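The sections take up the contacts between chains, then the chains themselves.

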Amino acid sequence: MSNTWKNPDMARRIARRNAAERRFKALGLGAIVLSLLFLAVLLFIMLKNGLGGLDWAFLSGSDATDASAAGVWGAAKGSFLTMVVTLVLSFPMGVLAAIYLEEFAPRNRWVDWVEVSINNLAAVPSIIFGLLGLAVFINTLGMARSSPLVGGLTLALMTMPVIVISGRNAIKAVPPSIRTAALGVGASPVQVVFHHVLPLALPGILTGTIIGMARALGETAPLLMIGMRAFVATPASGINDPSSVLPMQIFLWSDEIDRGFVQNTSAAIIVLLVFLLAMNGLAIYLRNKFETRW
Amino acid sequence: MTAAVLLAAFALGAIGWFVARARARLLYAGRESMHSMPVYHAWHLALWVVLPALVVWGLWSVIAPPIVDGVVLASPAGTQIPTDPVQRAAILSEARGIAADPSFIGFYDQSSTIAAPMRAAQARFGLIGTVLMALAALAGGGYAWTRVTGRFPARTRVERAVMLTLLAASLLAILTTLGIIGSLVFEAGLFFRDVSPIAFLTGLHWAPANAVGDDLNANFGAVPLFWGTIFIGAIIAMIVAIPLGLMSAVYLTQYADRRARKVLKPVLEILAGIPTVVYGYFAALTVAPFIRDLAASLGAQNPSTESALAAGLVMGVMIIPFVSSMADDAIAAVPRAMADGSLAMGATKSETIKKVLLPAALPGIVAGVMLAVSRAIGETMIVVMAAGAAARLSLNPLESMTTVTYQIVQLLTGDQEFNSPKTLSAFALGLVLFVVTLILNIIALRVVKRFREAYE
Amino acid sequence: MPEAKLPDSKLTARNVDVFYGDKKAIDDVSIDIGNGVVTAFIGPSGCGKSTFLRTLNRMNDTIAGARVTGQILLDGEDIYDRDMDPVALRARVGMVFQKPNPFPKSIYENVAYGPRIHGLAQAKPEMDAIVEKALTRAGLWNEVKDRLTDAGTALSGGQQQRLCIARAVAVSPEVILMDEPCSALDPIATARIEELIEDLKDRYAIVIVTHSMQQAARVSQRTAFFHLGKMVEYGDTDQIFTNPREERTKDYITGRYG
Ligand SMILES: Nc1ncnc2c1ncn2[C@@H]1O[C@H](COP(=O)(O)OP(=O)(O)OP(=O)(O)O)[C@@H](O)[C@H]1O
Ligand SMILES: [Mg+2]
């Protein structure tokens, strides 16, 4: 019987199959290497073009028509103000909604609608949120165009579903035994959630929030819709002043004919990427540090 | 001003909190049994201070402006301004701007003349509002004060308020969805009064710049945009993202050891974290010229710098980690026993992957691809920076091509006249985009859910 | 070590140790597994029965961190030798798992899978014949011959397990390893599988892991008792169950622990 496996035809066939196996594995590694190569080239070109322009004048200046005088501070401040508005609105709302859906929501059609709604909002193209912001905040409510307030509101609507989803997962990961134990010593359901579940879920919620905020920080399209593309030579001093944000500054500079702006664009990209990497790094750190297996 | 008033309301609430707690503690000390802990009485009273104040503030900020306008219009300077409602509204709004910020330069001269009465009226009614708020806060606080008793179920009340807040927060999601649908449908409805939906959805010619007078229907044919969107987002990008994403996932889940996976996966995910504007810039600065030169050296006539290929390629790379992590989840959901069965028959690993694992994971993978397509067609910055403005029905990836999102940006930035068919058409495009991505998302999320349950 | 040399031994293990990382799961096991008989592995949960079974067709290779030392011979050839390809080995030493695990394919394709990857059939009629023969041997042909294109997962649990046996049989293995093949089945389906094992034992060397003493007594001719990673006793099934030499074997069989 074992002859079948000994004859030369079969041996050749097995050799062929093993070669195919090696090719397939190499293909998989190749796919990853290719993707990472693309990333490396992208980063390399941005560093090569931009590092030369990263000096104090660039970091502390605002937009200007002259490439050598233009800086990134105005846009960075706009980004900061916008992010503050986004965080202040989306974090509490997102966490409260997550608590409700995970801990208290009855199972009915209404709640199903809320869930479908949230899952879809997380996947709706960001430019649609821009259209919403334009139609509601600017055209209907008459809020100030180009302002961090409207930008932050728009991005908050976009970020909230992300926070809700990660918040729910974090809350779900808290073992039921902790709830039963707390209920057993006479805590009310609301106390159980706020005293016991929420503190344990917080690292997970924060991780999700940081990731959502990082996404919002890199967002351009919705802010184009609400007019945050104004040429702003002085940094905004409040959330109602016209302002730009970092990604928008990159977009605006990328359109300039003057060669000097290539350096500015790349330098601004480096600044933005540093912030994003820091945020993602923080998220990963938090996740690893507090990752608990019950 | 507003901020100060609101802060004051919260400060009052905070004072109330401490006062109520102190009183409840006194009660607590005197008796053995009390329904609620002092801290709940504190919250109960604080809520009764802040909430009425906020309600009054909200009502007042709706009621007051029309009254202010009326007063201003009745003033000597106010009687001078034109009665045409549109102009009148514009002047009043400018006057509000000047009142808030004297350096503001208005378009109408009259707006500066009524700025002073405007400021005065605003100050007066602002004061009235503040007093009303204070009264409401005191009334609410006074009521709650009388409730600081042993029997009063403060905890139950506070918890009910908490539950209402939680409910309201989760309803915000529905509100956002309704807001999106409402605003898109409303504005698109205005557009479809002028342009027939059939002409819009089936017309082959897109030239909103030429659209004046009666030939609207002929210039708002969106099919070239739909084609460009599909060609770039659903075809070129997916040709890049599906094989690379899938193979990455296969390597990461099936071949890489734990250490390699721990490094490679987050590094791959950096690709997903790079903002699209950076990809767009990279596409325009590096990839597009590279493709153009390559095409030229291969004998193409005058290849354009902006090309569907450049945009699609870069978009595809951006989507790789997304496809990879969806495929990763799908493959991980297939029970190990399935792969073991195949390996135990003498199948090689790659045979097992191709013939057993991937077919078993197919529903999950397909759903992941649908979500990826939904992302790609909604992606904006890459196409804005690299795809071009030409609405063209072409199969040549080297030509410049435009997309739905590109046109939305084009139509809504720069000099826009509000409520012209041109700007409104952006909302119609947005509506189409929203509906298509919504359908893709809903189907994909369903499939994923069913798929997970199947292997539970 | 108790060790019984069989006249017609198919698989021979000598001084086999298996490690998961630093943990030793199998400690110095030597055994001869006979041709044309059913060998049962019994022992308390976690004693290493499955682990040892998997070393016999190198399925442990697929587990990260698993390491095997010692010698295992199939017809005198070392299966851990560099020249031995696990692909061919696993075709010769088939395996049936605890939970039926048909592929998400049709009944026909489930059985044709092995012959197809190994290139055992040149044309469709030949493949049809292989599939029919395998399903017949597994006692499933009459139940499924009219629905070969239905999904394998649409069968009942017992039928699925027989499909998995047919799948293993289709590549004409020399040994069939079964890891608790009936533990997910009801008594009637179990009885059918046991009959099947009885029918198959003349053509193949069969090794079955089971938690049921009755089953081991019913279907096997030889029994090995494992405890804490060691093989405590190995001998004729009758002898093991009626007159065990070792105290621990006796305790286990009489239900003192396990
Ligand atoms: N993949 C693995 N990684 C690490 N340790 C393992 C692995 N598989 C099994 N073990 C350990 O090896 C020992 C033997 O396990 P094995 O599954 O062989 O036992 P078993 O006799 O088949 O038990 P059961 O009757 O419950 O199936 C156990 O202690 C188990 O925890
Ligand atoms: Mg076992």
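## Chain A against chain B

How many residue pairs are in polar contact between chain A and chain B, with both at pLDDT 80 or more? The count is eleven residue pairs. The model is a predicted one. On the side of chain A that touches chain B, helix α2 (residues 8–50) of chain A gives the most, with 21 residues. Sorted by class, that side of chain A has 51 nonpolar, 15 polar and six charged residues.

In this pairing, 72 residues of chain A are in contact with 78 residues of chain B. The size of an interface is often given as the accessible area lost when the parts come together. Between chain A and chain B the buried area is about 6,500 Å², and carbon and sulfur atoms give 79% of that. The residues of chain A that lose the most area to chain B are F24(A), I32(A) and F38(A), which together make up 10% of what that side buries.

## Salt bridges

Side chains of opposite charge can pair when their charged atoms come close. Between chain A and chain B the count is one salt bridge. There the side chains of R17(A) and E351(B) meet, with 2.7 Å from N to O.

Over all chains, a search of the whole structure finds 29 salt bridges. One of them joins R168(A) and E115(A), whose closest N and O atoms are 3.1 Å apart. R168(A) lies in helix α7 (residues 148–172) of chain A and E115(A) in helix α5 (residues 109–121) of chain A, so this pair ties together parts that are 53 residues apart in sequence.

## Annotated spans of chain A

For chain A, an unreviewed UniProt entry places the feature "transmembrane region" at residues 26–47, 80–101, 121–143, 149–171, 192–214 and 267–286.

Residues 121–143 of chain A are 70% helix and 0% strand, with end C-alpha atoms 23 Å apart.

## Chain B on its own

Along the principal axes, the C-alpha trace of chain B spans about 80 × 70 × 40 Å.

The feature "transmembrane region" is also listed by UniProt (unreviewed entry) for chain B, at residues 40–60, 125–145, 165–186, 225–246, 267–291, 311–335, 356–377 and 426–448. Among them, residues 225–246 of chain B are 100% helix and 0% strand, and the end C-alpha atoms lie 29 Å apart. Residues 426–448 of chain B are likewise 100% helix and 0% strand, and there the end C-alpha atoms are 32 Å apart.

## Chain B against chain C

Chain B also touches chain C: 17 residues of chain B are in contact with 23 residues of chain C. The area buried between chain B and chain C is about 1,500 Å², of which 66% comes from carbon and sulfur atoms. A344(B), M345(B) and K355(B) supply 38% of the area that chain B buries against chain C, more than any other three residues.

Across the interface of chain B and chain C there are zero salt bridges, but five residue pairs are in polar contact, both residues being at pLDDT 80 or more. On the side of chain B that touches chain C, α13 (336–343) and α14 (349–378) of chain B each supply at least two residues. The largest share of that side, seven residues, comes from α13(B). By class, the residues on that side of chain B are eight nonpolar, five polar and four charged.

## Chain C on its own

Chain C has ten helices and ten strands. The radius of gyration of chain C is 18 Å, close to the 18 Å that the globule rule gives for 258 residues, so chain C is as compact as a globular protein of that length. Taken along the principal axes, the C-alpha atoms of chain C fill a box of roughly 55 × 45 × 35 Å.

The UniProt annotation "domain: ABC transporter", from an unreviewed entry, covers residues 11–253 of chain C. That span of chain C is 37% helix and 27% strand, and its end C-alpha atoms are 26 Å apart.

Key
Residues are numbered from 1 along each chain as its sequence is written. Chains are lettered from A and ligands numbered from 1 in the order in which they are written. Side-chain values use heavy atoms; hydrogens and water are left out. Contact means heavy atoms within 4.5 Å. Buried area is the accessible area (1.4 Å probe) that two parts lose on being put together, summed over both. A salt bridge is a side-chain nitrogen of Lys or Arg within 4 Å of a carboxyl oxygen of Asp or Glu. A polar contact is a pair of N or O atoms within 3.5 Å; within protein, one must be able to donate a hydrogen and the other to accept it, and residues adjacent in sequence count only if both atoms are side-chain atoms. Helices (H or I, at least four residues) and strands (E, at least two) are DSSP runs, numbered from the N terminus. Ala, Val, Leu, Ile, Met, Phe, Trp, Tyr, Cys and Pro count as nonpolar, Asp, Glu, Lys and Arg as charged, and the others, Gly among them, as polar. UniProt positions are given in the numbering used here, feature names are shortened, and annotations may be inferred rather than shown by experiment. The radius of gyration is taken over C-alpha atoms; the globule rule is 2.2 Å times the number of residues to the power 0.38.
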